[in-house]
Amino acid sequence: MAHDSLLELLNICKEYYGNQVLKNVSLSVHKGEIHGLVGENGAGKSTLMNILFGMPVIHQTGGYEGKIFLEEKPVYFQNPAQAMESGIGMVHQEFMLIPGFNVAENIKLNRERTRANWASKVFGQKLKTIDTQKNRQDARKALDRLGMSFDETAPVGGLPVGYMQFIEVAREIDKENTRVVVFDEPTAVLTESEAEKFLLIAQKLAGEGMGVLFISHRLDEITQICDRITVLRDGEVVASLKRHEATVEKIAELMVGRKVSRIAAETKITTVKKPVLELHNLFVEMPGERVRDLSIDVLQGEILGIGGLAGHGKIGIANGIMGMSPARGAVLKDGKSLPLGDTMLMLKEGMAFVSEDRRGVGLLWDESIEQNIVAAAIQSQNKFLKKILPFIALEDRATIKQHTLKMIEELDIRCLGPHQPVRRLSGGNQQKVCIARAITLLPDILFVSEPTRGIDIGAKRIVLELLLKLNRELGVTIVMISSELAELRSICDRIAIIYQGRLEGILAPTAADLEFGLMMAGEYEHREATQA
Amino acid sequence: MKDRLNQIMDNIGLPRLIIASLLVLFCAAAVLVKLPVSMVASDVLVRFGMNAVLVLALIPAIKAGTGLNLALPLGIMCGLVGAVVAIENKYSGLSSFLFALAVSIPLAIVIGYLYGLVLNKIKGQEMIVGTYVGFSIVSGMCIFWLLAPFKNPEMVWAYGGTGLRNTILLHSSFDKILNGFLSFNLGQIMVPTGLLLFLALLSFAVWLFGKTRSGLAMQTAGSNPRFAQSCGISIEKMRILGTVLSTVIACIGILAYSQSYGFLQLYQGPLMMAFPAAAAILIGGATPRKATITHVIVGTFLFQSLLVVAPPVINVIVEGSFSEIFRGIISNGVILYALTTVSRRGE
């Protein structure tokens, strides 16, 4: 089969600042083949594509190891333009179209057909006249190949989202030398019928002899159209399957399968517990993490994990409840209904939040550890203040210092003292400051969002143990939101999986990899229904 | 060694370093051209005291996160209105000063609140909008000065009898009311005790406010709005609070300034007043995002000293009046420098 190999990646390795993100990744795309690439967030798919296209971020961080062959000739792309010239096309997840231009202009952008005129003869190529007629004909041809009937002279701005994806494809196939097309989650924004049409197009392109590299989170699509499937996990190829070997279950299991080391000794028995927080039909408008009609109960004294793939809304939940993003729906704490959008009220009701955005939301970057820890308590609970005159209360330096020192000791924050600016601390210690700030409020319910993002492995374990200790010893109910399933499974009592802004299901931390995989891919309910 | 030098440089800051070395240079030159030291020293003390309150007015705005309040003329106008109302009603001495304060502070609160509402609509553009709000209010008030029905012959134009004069003498009202209080001579140097005490009192009040819950909330909102939001602080309210305080202090500042100067300057007088104040606090080491009382004191002292010492020295070398040009170069240069560093720090 080697004779018709279009694109081959061989033993690709990549490190970011000493962190190995790709280990000996090899895959190949043949002529007329659709090759599926799947993996969790952070498995290394984007890095692999960045390498393939010679993105600047790769060269700035020390390049990569391994080889890329295009039609059996070794290539090394310095920039995306080179990759495109060589015949690799990319259809992006986010559209790269100019709304004010019409369809044909977008398709032919920067590759317009031109005519010579007197000015171009004198001043050079840049001043040639654009041949609108020919451009339209080319665009028409490309759209016809895709079986699209819409008008090539319509401005892109007013078209439905689905069409934009097709225009992107048309642009790629209009390039005469395009031999390999990469689709990066092309159906994520499409409706079901549009997605079906899209799959047909991918198959049509393959039928014409192109190679298609298809990245998707929708496993049913992958098993439906791909000839071969490569599964990435933690930067390694864990499996390479042929179509007849692949099932949705098998892929799901391969994607998430990971040795789970459980930190918590036992899960709590939660059958008799009453809900401490009830969410009914919650909607949150957080860009990129929208929550759509979510209902779930948080039980007294548990650690509830919330997982799911990036962009499906798990991050939006805590931000919506705490008033950081616009939200609607009903939130009941201890049976009492609370209005959404009022951060101060939520803090006063005994809820605290450790944000996923440490630098942007979690910390006063240039201020001292001390100030970071007490700021929220001063504002929402009037703590750490002392009266000097009937109407004037000043911050109480002595108790602030005392409290900070206690926190530094209890949470083992490695620092030069309470006055050190937090920006000088390591990621793990910054995270501890964020947690210290939250527990200074003595909350009943603590939301922790991506608590171990961007901190090293040793610190991760410490942070997780700390959360466990807060729960088991102080009885704080914890809602932990994380993209890392392994981390959720290490301390949570129950794990809720969010798919497209809704609750897909709740699993025990000991549930099989397969079930987690299915839920994260949104296949669980569907599967249950067909089995029943 | 090199690292430590760099760190020391960073701590002092480029503008402060340049101005301080210039000052040393001019002081040496002043001694060479035999400028009377006592006169220079008295001048420095007075000009420091009278300008420092206006500089102090910038602090609440910076802390609340609205940057350098270049719309200081808003507060200045309130102060001037208070002063002319006091004179119109024939108050004199301390009572005229207090009456002017009593009229102008409530006015400044209202104006500051309204301006705060405007600033909340144009986040990120505060300094450029502030500059033009300042210019506009000065022009707008020219109409008021001309048309307002004031009758006191001390203030209205001698001919015609309507409209206020360009400069109004304060002899009969609060001229040197602060400067004169408990003032004494130290050798040949006149110390304006009352003025300095007044400044100390206001500085203390501003410092004290910074330690209260509201003060801390304001600072938090200024240094990281998202963090503040997550603490339950209303950013919009804090920005309004900062703007109101800044406007009120500016209105007190112009009264302190005028009593020392001996005149009220109406019409185009306040047009450029925000810029030397902004320059002073920046020279003191503040940035449009971070400022302390120390920055105010050090900056005003350096800047005003330089403005006292430099012109006579330069006039020995070059013919003609150089002081205005000199002030323009320094204040605009320093502000320009600060604005270029805003974007760098913003990253």
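# Exercises on a predicted two-chain model

The crossing of helix 5 of chain B with helix 6 of chain B is right-handed. The structure is a predicted model, and the exercises below refer to it.

## Exercise 1: a helix pair in chain B

Describe how helix 5 and helix 6 of chain B pack against each other.

*Solution.* Two packed helices are described by the angle between their axes and the distance between the axes. Step one concerns these quantities: the axes of helix 5 (residues 72-88) and helix 6 (residues 93-121) of chain B come within 7 Å and cross at roughly 145 degrees. Step two identifies the contributors. Helix 5 of chain B supplies residues including B:Gly75, B:Gly79 and B:Gly82, while helix 6 of chain B supplies, among them, B:Phe99, B:Leu107 and B:Tyr115. Step three sorts the contact by class, which gives 15 nonpolar, five polar and no charged residues.

## Exercise 2: helix 11 of chain B

Determine the span of helix 11 of chain B, and state how far this helix is enclosed.

*Solution.* Helix 11 of chain B covers residues 235-261, 27 residues in total. From the first C-alpha to the last, this helix reaches 38 Å, close to the 39 Å expected at 1.5 Å a residue. Next comes burial: 24 of the 27 residues are buried, so helix 11 of chain B is largely enclosed by the rest of the structure. Just after the helix, B:Gly262 adopts a positive phi of about 95 degrees.

## Exercise 3: a sheet in chain A

Which strands stand at the edges of the six-stranded open sheet of chain A?

*Solution.* The strand order is 18-21-22-15-23-24, with mixed pairing. Strand 18 (351-354) and strand 24 (502-507) each have a single partner strand and therefore stand at the edges, one side of each being left without a neighbour in the sheet. On average, neighbouring strands are turned by 20 degrees against each other, direction ignored. Finally, helix 11 (residues 314-321) of chain A lies across strands 15, 18, 21, 22 and 23, and runs at about 135 degrees to strand 22.

## Exercise 4: the interface

Which element gives the largest share of the side of chain A that touches chain B?

*Solution.* In this interface, 25 residues of chain A are in contact with 15 residues of chain B. Helices 12, 13 and 14 and strand 20 of chain A each give two or more residues. The largest share, five residues, comes from helix 14. By class, the chain A side divides into 16 nonpolar, six polar and three charged residues.

Definitions and conventions. Residues are numbered from 1 along each chain as its sequence is written. Chains are lettered from A and ligands numbered from 1 in the order in which they are written. This is a predicted model: local features need pLDDT of at least 70, side-chain atom pairs count only at pLDDT 80 or more; totals for chains, interfaces and linings use all residues. Axes are lines fitted to C-alpha atoms, for helices over the stretch in contact, and angles run from 0 to 180 degrees between N-to-C directions. Helices (H or I, at least four residues) and strands (E, at least two) are DSSP runs, numbered from the N terminus. A crossing is left-handed if the near helix is turned anticlockwise from the far one by less than a right angle, and right-handed if clockwise. Two residues are in contact if their C-beta atoms, placed from the backbone, lie within 7 Å. Ala, Val, Leu, Ile, Met, Phe, Trp, Tyr, Cys and Pro count as nonpolar, Asp, Glu, Lys and Arg as charged, and the others, Gly among them, as polar. The expected span of a helix is 1.5 Å times one less than its number of residues. A residue is buried if 20 or more other C-beta atoms lie within 10 Å of its own, exposed if 12 or fewer, and partly exposed in between; C-beta atoms are placed from the backbone. Two strands pair if DSSP finds at least two bridges between them.
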